[in-house]
Amino acid sequence: MNFSKVLSTSIMTSFAYLLSSLILMLACLTTSVASTSADNSNIVRLNSYRKAEEYSRTSSRVYHMEKDESIPGNILFTDLHSLRTTDGISVSTIAGSPKSRGYNNSSGTSARFNGLYGFYQKNSTHVIVADYGNACLRMIDRTTGQISQFAGTCQTPGHRNGQVGYAYLTSPRRILLDKTSPTTLIVSQSQASSSYAYLRSIDINTGDAGVLVSSGLNHPKGMTWDENEDILYVTNSHYIAKITWSTKAVETLIGSRSPNNIVGSFSQSLLTSPKDVSVITQQLMMVTEWGKSRLRAINMASEVSMNVDIFGLNSGIYSFAQINGSTYVGTKGNIYNLGEISVRCSVNASYMPGETEVKFGLSPQNCTNYLVDVFKTTVERRVALKAEYSVSCDQLILQGMFEKALLEPVLELKMTELQDICGNGTGCNMAVNMTPSYSCSNNTLEVRWPTDIVFAEHVKEIPAKTRDMLTKAAENARRENAEILTLSIDPYSLLPRVQENGEIIQTVLEAKCIEDGKVYQESTDTCV
């Protein structure tokens, strides 16, 4: 064997590895998430909206939007001082004018409002709007275009309960149906805690005004229900309040009276100016921060908050809604369709209780910040790509640590090439922050490259959909995709075996114990 040739090749490969590692470090992102006080370890999956597509042009700021209950397929939205509807192609104004504020009771587009921040569709023909600057709720008849005072006394802000024309409201912001009382609307009044920062009750039939919550709030704005519990979440100046509705007890979920952009555990998370809020699932809530081009994801299960950037969106976001299976955000001048969260912008990791943080090495995917989903497990099951090579195990063993020092860097670099298989529409990434594993027996070198697809211990096999997608992607792989250099043995490069079924790259499910010191026993599927 020409030792000088091997040494020269080794040096060149080591230099290439170091250079590639430096480039990868610069390209990758690192995200820290504070741990929870769970009894078991956690598996964390992060995602990001990959791209925002323009759905409809608007004239000004979109403060609120919903599915249009009158026109199938349309979105009903407030465009600053007007109520409008769009099918994504054309926009029709129902009442008011986007850029002309004021007050009158004229009909249709001749009517004037002073900042429409929210509305409630009473039925397919009548919409109740929160006229923020005019300090009242008003009713719009979509069939006739007529506008009428519905609750409070327009242009007379203050606080007084009672009938329409006698009661006073102050800075009404959002309107939400009280799920415990189907004839009652909840209205947030965006005022300081010392000046009527209340949640008001409005009778949906008569417009009579009362008070539901009168303490613990400061500039309350957006509201959303936890449908499975007696909980109302309310965004305030710099925090989100959690209200137990049966008792009206108010506590702070995340944030404080001081603004800042800090993510992590609930205890350390700070917000700048949260506005719109929506519960996506039982565990996940999404929040807009006034004029920022990002969202804040709040994971109720893991008690963690994360920023969610939207690739290609530079406009400030004012509203957020899920309509007909898609996610929309409203900005100044546009409604964007975010579609579904991109699974290619994702990575998994796990951490144990007591740790202060966990870091995720993210491969460059045009993604920045990520949405968090956490579930608990004691055994981590990870999908890996496997290849087998014909080689003398004796030679590998004789080389000892010298061969390991050369082989492992080569295997790690190979992960970037295998990303073409893992990321080709399969919804995974190679786990570039992990080291590939390998073993040799019966003159067969088996190498396993980990992906970011991780399951909890109850998953015993790779789900059929995931396996089929990875298998189909691997069918297009060439042997050269998994070729590795051994450097210190002959031959110096190895091509993977072609299996009897024609596969070159196989998918396997690996298991390991999360807790330090524990070893996974395959025979009993336990950690000891």
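**Backbone, charge pairs and cavity**

N442 is exposed, with a relative accessible area of 74%. The model described here is predicted. N442 lies in the loop between β30 (437-441) and β31 (444-455), and its phi is near 50°, a positive value in a residue other than glycine.

- The location of S171 is the loop between β10 (147-152) and β11.
- S171 counts as buried because its relative accessibility is 11%, under the 20% limit.
- N442, by contrast, counts as exposed because its 74% is over the 50% limit.

**Salt bridges**

- The structure holds 15 salt bridges.
- Side chains of opposite charge can pair when their charged atoms come close.
- E289 and R296 form one of these bridges, at 3.7 Å from N to O, and both residues are buried.
- K386 and E388 form another through their side chains, at 3.7 Å from N to O; both K386 and E388 are buried.
- E388 also meets R497 in a salt bridge, with an N to O distance of 3.8 Å.
- E388 has a relative accessible area of 14%, so it falls under the 20% limit and is buried.
- R497 has 26% relative accessibility, so it lies between the 20% and 50% limits and counts as partly exposed.
- Through shared partners, salt bridges join K386, E388, E446, R448, R497 and E510 into one network.

**Cavity**

- A search of the whole structure finds 1 cavity of 30 Å³ or more.
- The volume of the largest cavity is about 40 Å³.
- Its lining is made up of Y63, Y117, R173, R174, K221, K275, D276, W290 and Y318.
- Strands β11 (172-177) and β20 (274-279) are the elements that give two or more residues to this lining.
- By type, the lining residues divide into 4 nonpolar, no polar and 5 charged.

Note on methods: Residues numbered from 1 in each chain as written. Predicted model: local features only at pLDDT ≥ 70, side-chain atom pairs only at ≥ 80, totals over all residues. Heavy atoms only, no water. 1 Å grid on protein atoms, 1.4 Å probe; cavity = no way out; pocket = protein on both sides within 12 Å on 5 of 7 lines; lining within 4 Å. Points joined across faces, edges and corners; volume = space filled by probe spheres on them. Helix = DSSP H or I, 4+ residues; strand = E, 2+ residues; numbered from the N terminus. Nonpolar A, V, L, I, M, F, W, Y, C, P; charged D, E, K, R; others polar. Salt bridge = Lys/Arg side-chain N within 4 Å of Asp/Glu carboxyl O. Buried < 20%, exposed > 50% of the residue type's maximum accessible area, 1.4 Å probe, protein only.
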